[in-house]
Amino acid sequence: MEAAGPGGSAARHTDDLAHWAAGLSWRDVPEPVRRRLSLVLLDTLAVTLAGSRTRGQRALREVWPLPPGDAPVLGGGAVTATDTAAYLNATALVCCELDEGGKYAKGHPAGHAFPAVLALAASLGSSGGTTARALLAGYEVAARFGRATALGAGVHPHGNWGVTGAAAGCAVLLGLPAPQVAAAIDTAAGLPVAGHFDSALDGHRVRDAWMGAAAVSGLAAARLARAGVVRNTGTAALSLGTLLGRFDAPALTEGLGSDWQIGHNYFKRHASCSYTHPAADLALTLRADRRLGALTPHQAVECVDTLDVATHRLAAPLDRTHWDSGLGAMFSVPYAVAAALLDGEVAPATADSTEHERPELFALARKVTVREDPELTARLPRERPTRLTAHFTGGLGTVELTAPHPVGDSEHHPFTAGTLASFLAGLLGDRPLVDTLARLADGLPDADDVGPALRALAGPTTAHAASAASGGTA
């Protein structure tokens, strides 16, 4: 019997979304969507490898049990069980705050879906065509649940609505029929993390763990559906719509098959929360216009009186001018503005700098104020605008700059294959490796078995191993 009320609507639209995912044919996917998926996969692989090199991820791997299996821990020098690899890869993907996102999803569809799908595909020896379908289905389902969900005040988007994408992609890999795909998606909607945004502002790495949990929960939901012990009852209306916020079920299927959510994504060029990016972009423009890069850090700080950032309601709470951890820095607009002005970039390593090591960075951040402008908030979600007003000392005047989106948004200086590859080469310090990853991502749909190429990325000689593997498998 169909559930009444909101649950019934959620169940109906989940069924429709699942039928679409189960019947998705790679042959019918438009070429621009295929190219976008390749770029998202390239970005995901490269950013995961970058994250795997951090001190925190190395420490995590040292204490984490690695049961035998065929799924790679990317950059981790190991292959292990599917769930373990999915968890570790998911946390590595998000730890540097460089994972791509979906503007209308208001979060990270690939970050939720791809680690589980890639780990399962490697373990199963799935074909490239099936894996590509699963990745795309996972992305679209996650993004649509993100679009349909308006989280309550203070709820962080990691680990809740996106679990559905991991479940959908894994269900497609397992070859489940549409009713079981719907059961997997609906079950995943009943496995959300209720994480508070302030945990990220406080620099608590539990925020990364929410994504690891999402990957494992997505795998569990797909297996529960395969076993036939769960069904679609529209539970998203309860978990996402009653407990965690509001849920608009019709948004799950609006434009399905024509309005591809992956086409609305954004890539990151700053190692910080995406809400900080427009301010950092404007700071880079200011640095170039006023030749701040030619000054010493002390001189740059001295010539700035105040930096006023007006932004939308999602970014305004990221106003802390002091932080005591790398993640805390990544969720601070003042940090991102100061780093961009002083260094010409917001790099992952900079976030770990202490005030003793970088006194000018902290001093400049203290000159940054952040506030909400209701007129800018009104432009959400289509735009994520910011205005930066810089007041200089010594009679040097005032400069006001505005940006409608962060650079890298699909509608504002979008990354191309070339610009994305160049950025990732700088991030990893290894252009041949990025070229190898690009070939893997481009050729994935034609692979007979994606496992060897993905396992080659476990490292430790990742570049050479992946290059050898990509020749015949991806």
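**Cores and packing in a predicted chain**

Modeller: In this predicted model, the largest nonpolar core has 109 residues, and Leu 45, Phe 114, Leu 136, Phe 145, Phe 247 and Leu 437 have the most contacts inside it. Residues are numbered from 1 along each chain as its sequence is written. Local features need pLDDT of at least 70, side-chain atom pairs count only at pLDDT 80 or more, totals for chains, interfaces and linings use all residues, and side-chain values use heavy atoms, without hydrogens and water.

Biologist: Why is this called a nonpolar core?

Modeller: Because the set holds buried Ala, Val, Leu, Ile, Met, Phe, Trp, Tyr and Cys residues joined through side-chain atoms within 4.5 Å. Buried means under 20% relative accessible area, with a 1.4 Å probe and protein chains only.

Biologist: What is Leu 45 in contact with, leaving aside neighbours within four places in sequence?

Modeller: Leu 74, Leu 118, Leu 437, Leu 440, Leu 454 and Leu 457; contact means heavy atoms within 4.5 Å. A second, separate core of 48 residues includes Val 309, Met 330, Val 368 and Ala 390.

Biologist: How much of the protein chain counts as buried?

Modeller: 61% of its 474 residues.

Biologist: What share of contacts with a separation of 6 or more joins residues 24 or more positions apart?

Modeller: 77% in the protein chain.

Key
Buried means under 20% relative accessible area, exposed over 50%, partly exposed in between (1.4 Å probe, protein chains only).
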